[in-house]
Amino acid sequence: DLFPILQRRAPRQERTFFWRSAPNSNRTQQAVRQGDWKLVVDANHLLLFNLRDDIGERHGRAAQRPDIVRRLRPLLGEWALSVDAEAKALK
């Protein structure tokens with residue numbers, strides 16, 4: 001039932017979102033968003049942003065918040081493995 005959600009009566013659920021660039025593109029990027037935090041892995045660079053305070057993603061926070069990076073990075077790796085495994089199973 002969508003009405004509680006639309007009327008903002010439903011309890012808020014935290015979701016984790018994952019995405020990555022197409023494998024055929026020149027750059028390989030992966031990202032995970034959980035709550036206010038977004039971690040982007042661009043080649044060997046780790047970019048962490050607090051989207052509540054920095055919606056424009058101008059101020060990287062990886063150096064200041066290695067604890068968040070350590071929490072999100074494994075989630076991204078697990079997600080990528082599961083997506084790749086599902087893709088192979090469908091072939």
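**View 1. How much of the chain is tucked away.** Of the 91 residues in the protein chain of this predicted model, 23% count as buried. The chain has two helices and four strands. If you follow the chain from the N terminus, its elements come in the order α-β-β-β-β-α. As for contacts, take those between residues at least 6 apart in sequence: 28% of them join residues at least 24 apart.

View 2. The average pLDDT of the protein chain is 86, and 89% of the residues score at least 70.

**View 3. Four strands side by side.** The strands form an open sheet in the order β1-β2-β3-β4, and their pairing is antiparallel. At the edges you will find β1 (16–20) and β4 (45–50), each pairing on one side only. On average, neighbouring strands of this sheet are turned by 15 degrees against each other, direction ignored.

**View 4. From β2 across to β3.** Here β2 and β3 run antiparallel, joined by six bridges.

**View 5. From β3 across to β4.** Strand β3 (residues 37–42) is joined to β4 by six bridges, and the two run antiparallel. Let your eye move along the pairing: Trp 37 stands opposite Asn 50 in β4, and Val 40 has Leu 47 as its bridge partner.

**View 6. The largest nonpolar core.** This core is made up of 11 residues. Among them are Val 32, Trp 37, Leu 39, Val 41 and Leu 48, together with Ile 68, Val 69, Leu 72, Leu 76, Trp 79 and Ala 80. Both β3 and α2 supply at least two residues each. Which element gives the largest share of the core? Helix α2 does, with six residues.

View 7. You can find Gln 30 in strand β2 (residues 29–34). Why does Gln 30 count as buried? Its relative accessibility is 17%, and a residue is called buried because its value is under 20%. Leaving aside neighbours within four places in sequence, Gln 30 is in contact with Trp 19, Arg 20, Leu 39, Val 40, Val 41, Arg 73, Leu 76 and Ala 80. Now look from the side of Val 41: not counting residues up to four places away in sequence, Val 41 touches Thr 28, Gln 29, Gln 30, Leu 46, Arg 73 and Leu 76.

**View 8. A pair of stacked rings.** How many aromatic pairs does a search of the whole structure find? The search finds one. The ring centres of Phe 18 and Trp 79 are 5.3 Å apart, and their planes lie at 5 degrees, so the pair is stacked. This pair links distant parts of the chain, with Phe 18 in strand β1 and Trp 79 in helix α2, 61 residues apart. Phe 18 counts as partly exposed, at 25% relative accessibility, but Trp 79, at 19%, counts as buried.

View 9. Gly 77 lies in helix α2 (residues 66–90). With a relative accessible area of 27%, Gly 77 is partly exposed. To finish, look from Gly 77 to Val 32: they are 45 residues apart in sequence, and their C-alpha atoms are 9.9 Å apart in space.

Terms used: Residues are numbered from 1 along each chain as its sequence is written. This is a predicted model: local features need pLDDT of at least 70, side-chain atom pairs count only at pLDDT 80 or more; totals for chains, interfaces and linings use all residues. Side-chain values use heavy atoms; hydrogens and water are left out. Two strands pair if DSSP finds at least two bridges between them. Axes are lines fitted to C-alpha atoms, for helices over the stretch in contact, and angles run from 0 to 180 degrees between N-to-C directions. Buried means under 20% relative accessible area, exposed over 50%, partly exposed in between (1.4 Å probe, protein chains only). A nonpolar core is a set of buried Ala, Val, Leu, Ile, Met, Phe, Trp, Tyr and Cys residues joined through side-chain atoms within 4.5 Å. Contact means heavy atoms within 4.5 Å. pLDDT is the predictor's confidence in each residue, from 0 to 100. Rings of Phe, Tyr and Trp (its six-membered ring) pair if their centres lie within 6.5 Å; planes under 30 degrees apart count as stacked, over 60 as edge-to-face and the rest as tilted.
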